[in-house]
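Work through the exercises below with the structure at hand. Try each task before reading its solution.

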Amino acid sequence: MAEAARARPIPTPETQHFWDGTKAGELRLQRCDACDHVYFPPRPFCPACASRKVSVFPASGKATLYSYVINHRPAAPGFTPPYAIAVVTLEEGPRMMTNIVDCPQTPEALVLDMPLKVTFEKLDDAITLPLFAPAKA
Amino acid sequence: MRRNQVAVVGAAETTKLGVIPDMSQIQLHADAALNAIADAGLKLSDIDGIATAVETPQQIAHYLGITPTWADGTSVGGCSFMLHVRHAAAAIEAGLCKTVLITHAESGKSMIGKPPRSIPAYSLQGQFEAPFGVYGPPSMFPIPVLRFMKTYGITHEQIASVAVAQREWAAKNPRAMMKDPITVADVLNSRMIAYPFRLLQCCLVTDGGGALILTSADRAKDFPQKPVYILGTGESVETPMVSQMETFNSSRAFKVAGPLAFKEAGITHKDVDHLMIYDAFAHLPLYGLGDLGFMPYEETGKFIADGNTRPGGKLPLNTNGGGLSYMHSGMYGMYALQESVRQMRGIAPAQVKDAKISVCHGVGGMFAASGTIIFTNEK
């Protein structure tokens, strides 16, 4: 992938901890101190019970493949088609969009519910993206 | 909202549909609006309520020369116009205005005077979806479908049959963009866009517009067209991020909007003579049939593949040809509403005989929003 032109996130005060986490090799989630709800994407209150008492914690990085497309055209800047755009279910419950690496981008190789493990890809000094690879048995 | 208190008394699409390089987007709004006003036998000065999406109500009111006492700029994607109908009906009932004009237009193909769509890099979508290569609806809208297929045992052939059935309807519509018959094999051999979806499972990209005029039912009988009454309405929104839907096995927005409209209308599924389910991509009718409660999700694929929604089938669906074959400017909901109104007036090119109740279900964004309108021609 020609990473130079990939869309780059701009962190906000509410999401900075997440991007600090990926830079440090951690996939950070949030848990509500009041009701234990684990959620994503980041925000400084619980979307289940509205409590502002929430904690940031490192996720296990384990996930399973929930669904995906293999995009052929049009391709996003920085991507060489065909490439899979996936949604994974994290072990802790939340889902996130990502790409699946170290794996052929084919329906045969991308099997729903396959176990995955997070890996990190540095874009620049500010942003490191969480990607997922097939978990080793 | 009470049933049948408000009616559609004017409805029209732009004079041309398809490729219209000689008109900017705002002029497409005006072309549709002027056609609808003529259809209703009104003057511009009769309009005291205005609703539109993407363009603002002030842009359209100014361009047309309208002075409204009520304005709605709800802009939630392709089903915005279903929400406008719902809001307008409530406003007319509440006495906020008497005669509402709802306009849609999009220079989706020619891109003349069309504001750019972009995802800000600081938004949650910009941070947590855009970096992973999403690029336009074909790369996003189909993301849930592999999960839906696995959960319910739906086959590629069954989803391909959605496009085949709708092409049969389109063949009966002179204004449809794509009219040549296609087979399931044609669909499954067409160019890959975003696996599992191929070209013929993705909507068209066209230019066009449409407009509706609503007023109270007691005034409606004095208009030149057969009134089409608003029997029931529903709406909801879920999330702008397809990855953050509660589940890929259904749409929460659909499951709120659809049943709300049925409850308000006081009808059952057996009462439905005609159905429109916004089909930006071929999986949407399956979600719609399940989420609106027509049948268990497991049966949706077989129901369509067996021909139940094609001409002559027991549940006529997307009878203009849909976004897959009729037209799709980008926000198709207005054209679904136009077809429901034509069916209720009894003037559709592929008219469903004796149809009395039409359900028109829309989607906005990638399952982000939904609106359902149930029409009837009997008061």
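**Exercise 1: one residue**

Thr155(B) counts as exposed because 12 C-beta neighbours lie inside 10 Å; the cut-offs are 12 or fewer other C-beta atoms within 10 Å for exposed, 20 or more for buried, and partly exposed in between, with C-beta atoms placed from the backbone. The model is predicted: local features need pLDDT of at least 70, side-chain atom pairs count only at pLDDT 80 or more, and totals for chains, interfaces and linings use all residues. Residues are numbered from 1 along each chain as its sequence is written, and chains are lettered from A and ligands numbered from 1 in the order in which they are written.

Task: state where Thr155(B) lies in chain B.

Solution. Thr155(B) sits in the loop between α6 (145-152) and α7 (156-170) of chain B; helices (H or I, at least four residues) and strands (E, at least two) are DSSP runs numbered from the N terminus. Next, take Gly301(B): its C-alpha atom is 7.3 Å from that of Thr155(B), although 146 residues separate the two along the chain.

**Exercise 2: two helices**

Task: describe how α3(B) packs with α14 (residues 333-345) of chain B.

Solution. Step one: the angle is about 60° and the axes are 7 Å apart, the axes being lines fitted to C-alpha atoms over the stretch in contact and angles running from 0 to 180 degrees between N-to-C directions. Step two: α3(B) is therefore oblique to α14(B), since angles under 35 degrees are roughly parallel, over 145 roughly antiparallel, 65 to 115 roughly perpendicular and the rest oblique. Step three: α3(B) contributes Ser80(B), Phe81(B), Met82(B) and Val85(B), and α14(B) contributes Gly333(B), Met334(B) and Leu337(B); contact requires C-beta atoms, placed from the backbone, within 7 Å.

Notes: Two residues are in contact if their C-beta atoms, placed from the backbone, lie within 7 Å.
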